[in-house]
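Biologist: I would like to go through this model with you, beginning with the chain as a whole and then turning to one part of it. Please show it first.

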Amino acid sequence: MLKTTLISAAVLMACGNAFADTLVLNADAALDVKTGKLIRPATVVVEDSTIVSVARSNRKTYPEDATVIDLKGHTLLPGLFDMHVHLTGDSQVHGYKRLRRTAPRSAITGVRNAKRTLAAGFTSVRNLGAPGYADLALRDAIYDGDVPGPRIFASGPALGITGGHCDNNLFTHEHKVVAAGVADGPWAVRQKVRENIKYGVDVIKFCATGGVLSKGTKVGAQQYSFEEMQALVAEVHLRGLTVAAHAHGTDGIKSAIRAGVDSVEHVSFLDDEAIVLAKKHGTYFSMDIYNTEYILSEGEKAGILPESLDKERKVGGTQRASFTKAVKAGVNMVFGSDGGVYPHGQNGKQFSRMVKFGMNELQALQAATINSASLLKMQDKLGSLEAGKLADIIAVPGNPLEDIQVMETVTLVIKDGKVEVDQRQ
């Protein structure tokens, strides 16, 4: 009986290999993001959804009936991660304009934005905050093949205190409007974490400090107490998920790190003690240093409140200086753009700012690939071009180690072994 079973299994495996779809990519180079070395020229072979080899070009390494894509003048990289987006958000709809957006309308907006984000080379994103669990609906629609888009790690409603950055503060008291993620007190935040997990989130986001785009909050002021943060993080980790803390202010950043968060978002007002704590705890920083340009140039037309524009004028330059300090100190860094504050699909513009304000080209690329995969505990499946990993692959014209701005012009996007975008002329 055992022998028959083994023979049957072998036959099935042989048949599976025989009918596997093989895709071959021939390019000028492929980047090993772990070492920074370029394989030149490069051939990447994909079977179904998996990379089977990455090597110097050798036409004997793949079958004659394979689908071959020649990418002369291009470099191959792993599919990119953006670890802080709002796919259901619209860069033209801020402030009081947002009151006209329902959760269903936001989900439909997300369909458009997901396609644009994927076309920009971002095959995985962490969506940090969405109304009515619209990001989960979008995630599932993409997974089911109903609409194109990146692989989404969704948070659902972000948690926050009453009247804080993650509450809805645009109404008067007569309306008694409270955002879905509001919870006050250690046991209340545990309950809210459990509720989000009940409905299927992949990650928890909470607001540790005030924010730029919220009405009536001080951007640097801590919101949740340390005890509340401890309870929140403990509950998240108990359930095997990761937790991201929105934190601009110094005290909130340090409290969040001490409480054990996996990543801190924005990180605008950074001091030396916060850097020491981040390195000690292995905390990742996700710093959106591009979108300040959009907020200050286009924000008023999009409905961003005057008080928010004033806050951004005070925060933007300081955040970029903090980014430089964090990079020099060797803090773990991931790529997070806050897409949705500015137009989706322009995510790649942040690479040049990351280089301008302290990173070398390889560090910026690592932030958007292997570092992000590691934060999500997906480094065995995603984040680098290696045999056995999922075939998330992009091609850019030129060499990003010499000119990081080529990351703004992605030519080919493959996700799970399927060509999703082909913009070759």
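Biologist: What share of the contacts in the protein chain with a separation of 6 or more comes from residues 24 or more positions apart?

Modeller: This is a predicted model, and the figure is computed from it. Among the contacts whose partners have a separation of 6 or more, those between residues 24 or more positions apart account for 68%.

Biologist: Which radius of gyration does the protein chain have, and why does it agree with a compact globule?

Modeller: The globule rule takes the number of residues, here 425, and gives a value near 22 Å. The C-alpha trace spans about 70 × 55 × 45 Å along its principal axes. The protein chain agrees with the rule because its own radius of gyration is 22 Å.

Biologist: Which residue takes a positive phi in the hairpin of β15 and β16?

Modeller: Strand β15 runs antiparallel to β14, to which 3 bridges join it, and Val413 is there the bridge partner of Ile394. With β16 (residues 418-422) the pairing is also antiparallel, through 4 bridges, and Leu412 stands opposite Asp422. The hairpin of β15 and β16 has 2 residues between the strands, and the residue with a positive phi, near 55 degrees, is Asp416.

Note on methods: Residues are numbered from 1 along each chain as its sequence is written. This is a predicted model: local features need pLDDT of at least 70, side-chain atom pairs count only at pLDDT 80 or more; totals for chains, interfaces and linings use all residues. Side-chain values use heavy atoms; hydrogens and water are left out. The radius of gyration is taken over C-alpha atoms; the globule rule is 2.2 Å times the number of residues to the power 0.38. Contact means heavy atoms within 4.5 Å. Two strands pair if DSSP finds at least two bridges between them.
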